[in-house]
Amino acid sequence: MNFLHRVLLKAPSASCSHKLLLRTSARASSKSSQNDPPPARESQSDSASSSTSSSNIDAFLVGRDFLSLKHFGKDEIHQFLWTAKDLKTRIKDNGEVLQPLTGKTAALVFEKDDTASRLNAELGLARLGGQAAYFNASDLHLDGKENWKDSARLLAGAADLIIVGAGKQEVLEEVANESTVPVVTGMSDLLQPLQVLAYFVTLQEYFGYLRGLKIAWIGDGNSVLNSLLYGCARLGIDLNTATPVGYEPDTDVMLDAMKISGQTGASFLIGNDPLQAVYRADAIIADSWTKPGADDENIKKRIKDFAGFGVNRKMMKEAGGEWVFLHSLPRRPHEVTDDIYYGQESLVWRAAENRLWITMAVMLHLFQPYSPTTPKPKYVRG
């Protein structure tokens, strides 16, 4: 939609209200057979989960699907982030052996290989005492003999949680509708919420807060950016984006994020000018310009279309006084220069590690209530 290319998205009136669909009950106790119909989703206001008292948030998360940050309120997202920091402190820094998920299992199903998602889910669940089994599309005969609907019911009868990486977000929705256990978005063409939460953990560690930051996205309007729009809208974080014309984020996601921002005060600048996007930004995020499996012609076309969007020192002169850089990986030199990617401003590898801890935190909360023992981090500036 051209009218969104270069316009400051003003937040709607804080008095506006709207509805979302979300599963709120713990399904493990409500369904015992894979042949049972999926539990119904309940409708409630976007702000309802944010208003849940902090003492009840950990219990309220149990049994939920983790498909999109749109489905979680501010306090719930903060709980995920706090638990990630708590697990990192207790297990990595303090050397605790913490295995609350002993006996729990997860099925990892990916249409295409995704190293980060597999590594973090398998190793993360193992650190917490559980076990994960990995399946590709061929393993489950999803290349023609079987379908997602039947596979979802089969997996739900064998595992306690399902993590799915699929080419289409509709597949995630179908699996969630058929499953009687929680379903997590590993990745899809539309969303990558775990990656965005890893960014938030990393930025909070570095700056000491989240709301009050200005984030700039430079590159493709892909699934990570879509999830970043939802995450920033939920937490009230300002976001500027610059994508080439024709590569903007999903229109429906943008409109949803605008509505949510009316409740949180987040502001968005959606445009096509990298210099405008990075102006006074605190954090600059880039991602791969090409998609996995793209042919040579598609790669050449994208590199041409993205000319001028490579992050470099000249561009960063427009940024804030103390800026940092993040990248979703894998990275190629035309996306960001070596001196930034490997430089002192780079938080790339810290964010890559924090993807592990946030994956662990999400799985833990979907399995059972958990209250962190370390002090709660600050998420609002001031």
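Lysine 70 counts as partly exposed, at 23% relative accessibility. Here buried means under 20% relative accessible area, exposed means over 50%, and partly exposed lies in between (1.4 Å probe, protein chains only). The model is predicted: local features need pLDDT of at least 70, side-chain atom pairs count only at pLDDT 80 or more, and totals for chains, interfaces and linings use all residues. Residues are numbered from 1 along each chain as its sequence is written, and side-chain values use heavy atoms, with hydrogens and water left out.

The side chain of lysine 70 meets that of aspartate 256 in a salt bridge (3.1 Å, N to O). This pair links distant parts of the chain, 186 residues apart: lysine 70 sits in the loop between α1 and α2, aspartate 256 in helix α8 (residues 251-264). A salt bridge is a side-chain nitrogen of Lys or Arg within 4 Å of a carboxyl oxygen of Asp or Glu. Helices (H or I, at least four residues) and strands (E, at least two) are DSSP runs, numbered from the N terminus.

## Other salt bridges

The whole structure holds 17 salt bridges. One of them joins the side chains of arginine 64 and glutamate 76 (3.2 Å, N to O). Arginine 64 lies in the loop between α1 (54-61) and α2 (74-93) and glutamate 76 in helix α2, so the pair ties together parts that are 12 residues apart in sequence. Arginine 64 is buried, with a relative accessible area of 1%. Glutamate 76 is buried as well, at 0%.

Lysine 168 pairs with aspartate 189 in a salt bridge, with the closest N and O atoms 4.0 Å apart. Lysine 168 is in the loop between β6 and α5, and aspartate 189 in the loop between β7 (183-187) and α6 (193-207); this pair links distant parts of the chain, 21 residues apart. Aspartate 189 is partly exposed, at 41% relative accessibility. Elsewhere, a network of salt bridges links Lys85, Lys88, Glu205 and Arg350.

## Helix α4

Helix α4 (residues 148-158) has Trp148, Ser151, Ala152, Leu155 and Ala156 buried. Seen down the axis of α4, these buried residues fall within an arc of 130°, so they line one face of the helix. The arc is that of the directions from the helix axis to the C-beta atoms. The face turned away from the buried side carries exposed Leu154, Gly157 and Ala158.

The cover over the buried residues of α4 includes β4 (105-110), β5 (131-136), β6 (161-165) and α5.

Valine 175 is placed in helix α5 (residues 169-178). Valine 175 counts as buried, at 1% relative accessibility. Beyond its neighbours within four places in sequence, valine 175 is in contact (heavy atoms within 4.5 Å) with Trp148, Ala152, Ile162, Val164 and Val183. The C-alpha atoms of valine 175 and valine 164 are 8.4 Å apart.

Isoleucine 284 lies in strand β11 (residues 283-286). Isoleucine 284 is buried, at 0% relative accessibility. Not counting residues up to four places away in sequence, isoleucine 284 touches residues including Ala216, Ile218, Met316, Trp323 and Phe325.

## The whole protein

The secondary structure comes to 13 helices and 12 strands. Of the 382 residues, 56% count as buried. Among contacts between residues at least 6 apart in sequence, 75% join residues at least 24 apart.
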